[in-house]
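Here are my notes on this entry, as numbered points. Please read them with the structure open.

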Amino acid sequence: MHLVAENLASRRGGHLVFAGISLAVGAGEALLLLGPNGSGKTTLIRTIAGLLPPAAGSIRIEGGNPARSVGEECHYVGHLNGVKASLTVEENAAFWCRFFGGTHEGLEAALAAFGLASLRDIPAAYLSAGQKRRLSLARVVLARRPIWLLDEPTVSLDHAAQGALTRVLAVHLAAGGLLIAATHADLCLPDARKLDLSGTAGTA
Amino acid sequence: MSAFLELTRRDLTVAWKEGGTVGVALGFYLVVVTMLPLGIGPDLNVLRRIAPGVLWVALLLAALLSLGRMFETDLEDGSLEVLATGPLPLEAVAAAKSLAHWLTTGVPLTVLAPLLGLLLDMQPEAYGVLMLSMLAGTPAVSSLGAVGAALTLRTRRGGLLLALLMLPLFIPTLVFGIEAVRAASLGAEPFLPSFLILCAISLAALALAPFAAAAALRFQLQ
């Protein structure tokens, strides 16, 4: 499976964020989006996830199920955690698990991978920022989707949780998954390719 | 289908745990219908005549209170973005959330209505028709309301805008809902035509409103 984007451009509020972005990510490959604040990392990830229509260019999957759109093959973890404060950790995870068609084993694996098993009965309102982030990241393990789109996944994570994330990403890539992550931190993925978005914007 | 029901079930669980939504709607309904007879005076003939109208208008206002929150919390905590990348099309997401809104607002208000009818000296024979007409009409309120809620999603203090937007859309439901109850309780005209039109309005809203709401949500997510 290949994710191919050609000549992407995005316009936000009449201002051109980036233009002429082409990328190709194959099975087992990771692509890190780098660049200063405002260079369009989030915009690019949201465009690939199908949340933003591109101003120009196209995104397609080669060698996948043609009946499924790019967005349906993607797990998207954005800046917001998608966690309901009034539900417990387990209820939050279990909802997303059933919603994405995951299994009970997937749910347990996700909770274990991010060290959430001991917090399962605690309402999410009482979690720290890093714990909420872990719960949000656990979503990608709940149900299998080949493409992971992570926007600043390491924000608020401590060292142990960053290590857990690196292990989860390595397992995903080893199983032939695709990863596109916007990050300022080191994800410890030595084979990852990098796309620098600074200076890609044309003039509005 | 299971993702659809899961989403509805999550919304019901959240509404149950947070408690506010159902309670506020019921409380508001109770307050409005209790205060009106006090303002109008104890003339039972007048109260009996205006009862269907009062119960329906107050129900719409009470439902309007919770409509604004239908997508708002999901937008704020990021759930909406994840729902948009999920296995359900946004049309189904809007329909599932309308269903949850109906179950947490339309149904409880319908159950409370006969009790409030007592305050307006409504005849007990009319209770069945009152509840039937509300059960038939409130699905339209929740699904049309989803369109308004989606359109006003990013507006600060969108409550007023939502109310103004929903006013013309709710009028057919209001008119035929009241007509159905009035026909049955006062016996002046046949009940069935108004009731069937009310059902038709709800069915049309159920079929069309999710598409409009999803289009608005797509725009709001950008």
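1. Start with strand 6 (residues 147-151) and strand 7 (residues 178-182) of chain A. They run parallel and are joined by five bridges. Within this pair, A:L149 has A:I180 of strand 7 as its bridge partner. Keep in mind that this is a predicted model.

2. Helix 4 (residues 129-142) of chain A packs on the sheet. Strand 5 and strand 6 of chain A are the strands that helix 4 touches. The direction of helix 4 makes about 180° with that of strand 5.

3. Now the whole sheet. Chain A has five strands in an open sheet, ordered 5-6-7-3-8, with parallel pairing. Strand 5 (74-77) and strand 8 (193-196) of chain A each have a single partner strand, so one side of each is left without a neighbour in the sheet. On average, neighbouring strands are turned by 15° against each other, direction ignored.

4. Check the backbone at A:E152. Its phi is positive, about 50°, although the residue is not a glycine. Most residues other than glycine have a negative phi. A:E152 sits in the loop between strand 6 and helix 5 (159-174) of chain A. Why does A:E152 count as partly exposed? A:E152 has 19 C-beta neighbours inside 10 Å, and a residue needs 20 or more to be buried.

5. Chain B has a positive phi to check too: B:D121, not a glycine, has a phi near 55°. B:D121 lies in the loop between helix 6 (90-119) and helix 7 (127-151) of chain B. B:D121 counts as partly exposed because it has 16 C-beta neighbours inside 10 Å.

Methods:
Residues are numbered from 1 along each chain as its sequence is written. Chains are lettered from A and ligands numbered from 1 in the order in which they are written. This is a predicted model: local features need pLDDT of at least 70, side-chain atom pairs count only at pLDDT 80 or more; totals for chains, interfaces and linings use all residues. Two strands pair if DSSP finds at least two bridges between them. Helices (H or I, at least four residues) and strands (E, at least two) are DSSP runs, numbered from the N terminus. Axes are lines fitted to C-alpha atoms, for helices over the stretch in contact, and angles run from 0 to 180 degrees between N-to-C directions. Two residues are in contact if their C-beta atoms, placed from the backbone, lie within 7 Å. A residue is buried if 20 or more other C-beta atoms lie within 10 Å of its own, exposed if 12 or fewer, and partly exposed in between; C-beta atoms are placed from the backbone.
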